[in-house]
Amino acid sequence: PPGFVESSCHSRIFWMKLNKLLLQGKFFQLEINDPYAGPVLLDEKLASRCGYVLSEDVWGNPVFRASVLGCHVANEADELFSLTVNIRVSSFPSMRAATTYTHPMHCSYSSWAPREIVCEENYMEVSVKTDVPAVSNDYTVAWMSALPETQKVAYQLWQLMFVSPSGRKKIMVSDAAKLGYSFNNTLSRVYLRAPYHSNESDFSTVSGVNMNMITSTSMYRQRWLLLLIDTTVSCPVDGTSFTDTTLTWTVPSIIPTLVLQESTFLSKYISMGVNGRVIVNPEEKNYLLEHNKTHIGVTIPIGAEGGKLKSSVSGGVYGVIYSIDLFLEHTWTDADWQTTKYTVIKPIVTPFMPQIPTVINNTLAEERIFNVAFGHFLPDVSLVAIAIGNVPFTIRQAQHQGYKIYEAPFSNTTKGFILEIPFDDRHVLKEYVNKNETKYTLLLNYTLSVGPEMTLYYHSAEMECIIADIELPEAVGYCDKENLYLAIPILGLHQYWNLYIGNKLLNRHTALTNGYSAATNSTHLILQIPLFAIGVIYEEVSFQKIKARFDVTLKKVRTLETLQIFSVSCNFNSSTFIVCHPDGTIMISAQMKTVPAIDMSKTKLRDSSCKPKEYNKGHAFFKFHVTTCGTSVRFEGDHIIYENEISYEKETLPGQSLHTITRDPDYRLTVLCYYRVKETLMLGAFTSDPSTHTSPPFGSGTVLPRSNIAVYRRIRQALNAVSRVSKDGSFMKFYEPNMAILRRSLEPVFLEVELKDESPEAELYLDNCWVTGSLDFNSTPRWNITVDG
């Protein structure tokens, strides 16, 4: 078909290239047409022996090369050369039903040098003119040592003599083909072709380059003529080196086995080429060709024109491989051979070079769209699938979902893949961070098809973008005569943050338990807090007013980080109240409700020294600590209850009777403060006024008025009562008098009190029992043991 086969002649080499696009999904074979025996199937052994090469160029197109001295080449006067190749193409590996395309090739080459050496991929070839001058004197001894062998050569037969470290080896030309060699003569030339690394070859290092060489003498004898021809050949087998950006190919300038008299060596012409074509001005393509007395060097930038970068995957890592087909031609003269043309054809492939792809975040937060570029890749890479938030999509599926995925050209003929995804997409992770910011996280997993082998390559990426797109709520506070109010926006509640009263989550249960009222409309939560509810902070409590504050804390849902505190603070005029502070301070405003009226300045607590701090006709204001003023304590369930009593000191009328006469009405108010047992109550002396503390109230207080029952003053009499402390509940063993007894909090004390008075009118009732730090009956502080019997 048109465009399937392309052929040309480069110097003394046939070049034929097949179009890989027309071979996709098919199998092919090459046959060489022998003018006498017909088609011969090309294989590796035939190729290296007969001067053929079958490989691929850097673009993957099959390439066939053949020497004009090849086994099946028709030769006309060493100037015109013809070769016919059959190309068999089939859809089956067995090559059945194959179609055969016959392609004849013709080349002309007449500028033969006295000696020409070709170093191909799979063979070495040397050809020399048969009218070679006499050998040099320096080598005469070696050559003449072969003369006795020539006498055994049959009439008109060639014989080969190989010299190697293991010794000399003589081979008849008819047997050389069995060892992989090809020897023949044309009208004016003799040539020897040999595979690399044969048994008769040897290695040497010339200027740091490893060389494979075959030292041989070709012998021909006629009745009147003995012809000895040096058919030594030497070719480089390495000489390549690489950096991250360049490759360098080095060939020795002088090869000692080919130049016997180095003093007569003169380099005449050096040229380089790519893909069989000579580069006239290498510097124009950024190639560097340089030489000195020891080396010829070719340096090529990786990725330069003429070569090809190919994507590859190695060990799960993406990378590239650069390949280029170079050749070097060196022509020199010396005293022995006059002119030698030395040609080396060298396909070079760099090692695998990892190229970790880059994920570029081009996201613009104000657009609320992730824009992610993924590159750089060669054209032989394609995106076949992508997982977004761990949800896999083919490219078509992703585009059908509305995601924008497209290729974009980058510099140096590379490309990338662009992906656009909105922040609000359901596969984008959203996390509330900081005060008013959201972190959007996009998890990506790319699947790419790499290189002509279509190897799958996987790469994951994570994109983050934090933007301030959450509006923190602002609360409004106000008060009426008996309540504090907070109106808080409900947008974002429970999604980003929660409300807390102290360390308790504000929910329906908390509100009902603490006596709050919570109502919700479409935009706000309205919280009503009674003045004396739990959680109210009393910033200032005096006879004239109460300055109260209530705080609601805004915290993050997950981390419980405090973001904001909403407060409402108001002044209240309350005639009657009790405030129980967490430090044990109690403040009471007691109202006068007796008939007739009493003088509130004469009210007192259990300890008669504890008088009102302030008073007027209708109220008395007390402030004291739970460890003072005769305050008692008891336990009920999970509460500690502190109790005191406000009473009035009555004036009595003088009289002789046993009964007390007074005009004053009875006035008693029982004061109770409740504290939870699990909480901590600080008891002790204060170096400053407790009123300066603004901590929230700790317990709840109750004022219980007593009934107006006549109270008779009883004259205190000394009774014969004895008390002692038992070691346990059996009351069998007792502690010695005046012995210190250590008891932990809430640990029981087994106390026995005995009345030894023999008066029949005396009865024992154990009412209040307490412990003080001294023998003074009224000393403070004191700690209650029993209260009310």
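How much space lies in the second largest cavity?

Modeller: The model is a predicted one, in which local features need a pLDDT of at least 70 and side-chain atom pairs count only at pLDDT 80 or more, while totals for chains, interfaces and linings use all residues. Residues are numbered from 1 along each chain as its sequence is written, and side-chain values use heavy atoms, with hydrogens and water left out.

The second largest cavity holds about 40 Å³ of space, where a cavity is a set of points, on a 1 Å grid over the protein atoms alone, at which a 1.4 Å probe fits but cannot get out, and where the volume is the space filled by probe spheres set on points joined across faces, edges and corners. The lining of this second largest cavity (residues with an atom within 4 Å of a point) consists of Trp15, Arg65, Asn275, Gly276, Asp325, Leu326, Phe327, Ile345, Lys346 and Pro347. The elements that give two or more residues to that lining are β27 (317-334) and β28 (338-349).

The secondary structure comes to six helices and 62 strands, both being DSSP runs numbered from the N terminus, with helices (H or I) of at least four residues and strands (E) of at least two. Of the 789 residues in the chain, 44% are buried, a word used for under 20% relative accessible area, against exposed for over 50% and partly exposed for what lies in between, with a 1.4 Å probe and protein chains only. Among contacts (heavy atoms within 4.5 Å) between residues at least 6 apart in sequence, 61% join residues at least 24 apart.

Charged pairs elsewhere in the chain complete the picture. Side chains of opposite charge can pair when their charged atoms come close. With a salt bridge taken as a side-chain nitrogen of Lys or Arg within 4 Å of a carboxyl oxygen of Asp or Glu, the count comes to 25. One of these pairs joins Glu6 and Lys17, whose closest N and O atoms are 3.9 Å apart; because Glu6 lies in strand β1 (residues 5-10) and Lys17 in strand β2 (residues 13-18), this pair ties together parts that are eleven residues apart in sequence. Glu6 is partly exposed at 45% relative accessibility, and Lys17 is likewise partly exposed, at 29%.

Another salt bridge, between Arg368 and Asp424, brings the closest N and O atoms to 2.9 Å, and it links distant parts of the chain, since Arg368 is in the loop between β30 (358-361) and β31 (369-377) and Asp424 is in the loop between β35 (415-422) and β36 (429-433), 56 residues apart. Arg368 counts as partly exposed because its relative accessibility is 24%, whereas Asp424, at 53%, counts as exposed.

Glu636 and Arg634 also meet through their side chains in a salt bridge, at 3.2 Å from N to O; Glu636 is partly exposed at 41% relative accessibility, as is Arg634 at 26%. Finally, Arg12, Glu116, Glu125 and Arg193 are linked in a network of salt bridges.

Notes: On a 1 Å grid over the protein atoms alone, a cavity is a set of points where a 1.4 Å probe fits but cannot get out, and a pocket is an open set with protein on both sides within 12 Å along at least five of seven lines; lining residues have an atom within 4 Å of a point.
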